[in-house]
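Q: Can you walk me through the strands and the charged pairs here?

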Amino acid sequence: MNIDEKYMFRGIELGKNGLGTAAPNPMVGCLIVHKEKIIGEGYTSPYGGSHAEVNAINSVKNKSLLSKSSLYVTLEPCAHYGKTPPCVNLILKHHIPKVIIGLKDPNKKVAGTSIRLLKEKGCEVLVGVLENECREHHKRFLSFQEKRRPYIILKWAETLDGFVAPEENQREDKPQPYWITNTYSKQLVHKWRSEEQAILIGTTTALADNPKLTTRKWQGNNPIRIIIDKDLKVPANLYVLDTSVKTIVITTVEDKNAYKDGISYEVASFKNLPAEICTILYKYDITSVLIEGGTKTLQSFIDNKFWDEARVFKGYTNFSKGIRAPKITGKQISDNKLGNDQLIILRND
């Protein structure tokens with residue numbers, strides 16, 4: 001690893017601090033180096049706040065050193081006005097002579113504009129340092145920009161004999177989740193929820209489990225709840241419609257008199273539901289979604305190839321009968337133990 005790669009790796013580490021708060025902005029990491037010493041660091045603030053470059057520049061105590069320093073950033077600085085001014089303007093204002101960029105921004109509002117502006121002003125620009133690692137880091141943002149859909153993570157837990165839920169007569173009378181995994185796995189799932197913008201389930205899961213879909217076992221933001229409810233069968237008194245968290249219901253019902261106040265409704269044809277859902281979430285600027293639905297919902301995304309990652313728990317139990325787990329194939333990237341649970345992560349490569 002050369003010196004530029006070393007600093008870019010640090011930029012990626014910094015950017016991870018924005019996971020779960022920066023979206024829909026990319027979670028960029030930035031650092032400023034003077035004579036091989038880091039004099040400033042920053043990452044993307046919660047949405048609406050300062051970008052990584054601004055935070056890094058502001059953290060430098062002696063601003064006179066900026067004109068003799070190098071700036072490392074995981075993604076091309078923005079060149080357009082949004083909730084904040086263009087970062088490229090601030091870089092030029094401080095006459096930073098060298099900018100090292102991990103990845104060119106595919107957003108059409110940027111797309112090389114900042115790189116051109118920097119070069120025109122005499123700045124030395126190096127693009128593509130740890131490019132693959134930066135692509136992995138910015139996978140949510142890149143899916144949104146390049147595929148025009150959120151990064152899709154499938155998650156489920158299944159028994160050793162391949163079931164995600166028992167037969168109905170094995171459940172309690174009161175709708176509630178039927179746990180297959182241990183407390184460590186439950187907490188990890190709540191951590192995941194805090195990292196993604198949205199979480200999605202179908203009607204059957206809402207009715208059978210009455211889940212809250214929040215981050216109760218982890219500190220962090222609750223994801224936006226997405227509920228598939230074709231005929232509006234989910235009762236208003238269930239947790240997912242309690243309006244405590246931003247909630248979007250996807251339905252075929254167009255009668256607004258059937259809608260509950262405080263809930264957003266989106267009408268879909270349900271002809272190719274995964275594709276329609278991706279279009280809806282794109283409209284809401286949702287860059288990632290964790291799908292925790294039942295087998296029917298999960299399998300529909302698998303069969304239509306609308307998924308990027310699958311996180312599958314195998315609990316240390318058997319049901320013998322019940323609802324079968326989804327069928328999926330993909331590239332296995334990890335296989336770990338959490339107590340007596342097994343966690344397998346797949347990529348749709």
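This is a predicted model: local features need pLDDT of at least 70, side-chain atom pairs count only at pLDDT 80 or more; totals for chains, interfaces and linings use all residues.

Q: In what order do the five strands of the open sheet come?

A: The order is S2-S1-S3-S4-S5, with mixed pairing. Strands are DSSP runs of E, at least two residues, and helices are runs of H or I, at least four, both numbered from the N terminus. Two strands pair if DSSP finds at least two bridges between them.

Q: Which strands stand at the edges?

A: S2 (37–43) and S5 (124–127). Each has a single partner strand, so one side of each is left without a neighbour in the sheet.

Q: What does helix H1 touch?

A: H1 (residues 3–15) packs on the sheet and touches S1 (29–34), S2, S3, S4 and S5; contact means heavy atoms within 4.5 Å. The direction of H1 makes about 140° with that of S1. Axes are lines fitted to C-alpha atoms, for helices over the stretch in contact, and angles run from 0 to 180 degrees between N-to-C directions.

Q: Switching to S16: is it largely enclosed or open?

A: Six of the seven residues of S16 (residues 341–347) are buried, so this strand is largely enclosed by the rest of the structure. Buried means under 20% relative accessible area, exposed over 50%, partly exposed in between (1.4 Å probe, protein chains only).

Q: What does S15 do with S16?

A: S15 (residues 331–338) runs antiparallel to S16, joined by seven bridges. Two residues lie between the strands of this hairpin, where Gly339 takes a positive phi near 65°.

Q: How many salt bridges in the whole structure?

A: The search finds 19, a salt bridge being a side-chain nitrogen of Lys or Arg within 4 Å of a carboxyl oxygen of Asp or Glu.

Q: What about Arg225 and Asp242?

A: Their side chains meet in a salt bridge at 2.6 Å, N to O. Arg225 lies in S9 (residues 224–228) and Asp242 in the loop between S9 and S10 (247–251), so the pair ties together parts 17 residues apart in sequence. Arg225 counts as buried at 0% relative accessibility, while Asp242 is partly exposed at 33%.

Q: Which residues are linked in a network?

A: Glu136, Lys139, Glu309, Arg311 and Arg347, through salt bridges.

Key: Residues are numbered from 1 along each chain as its sequence is written. Side-chain values use heavy atoms; hydrogens and water are left out.
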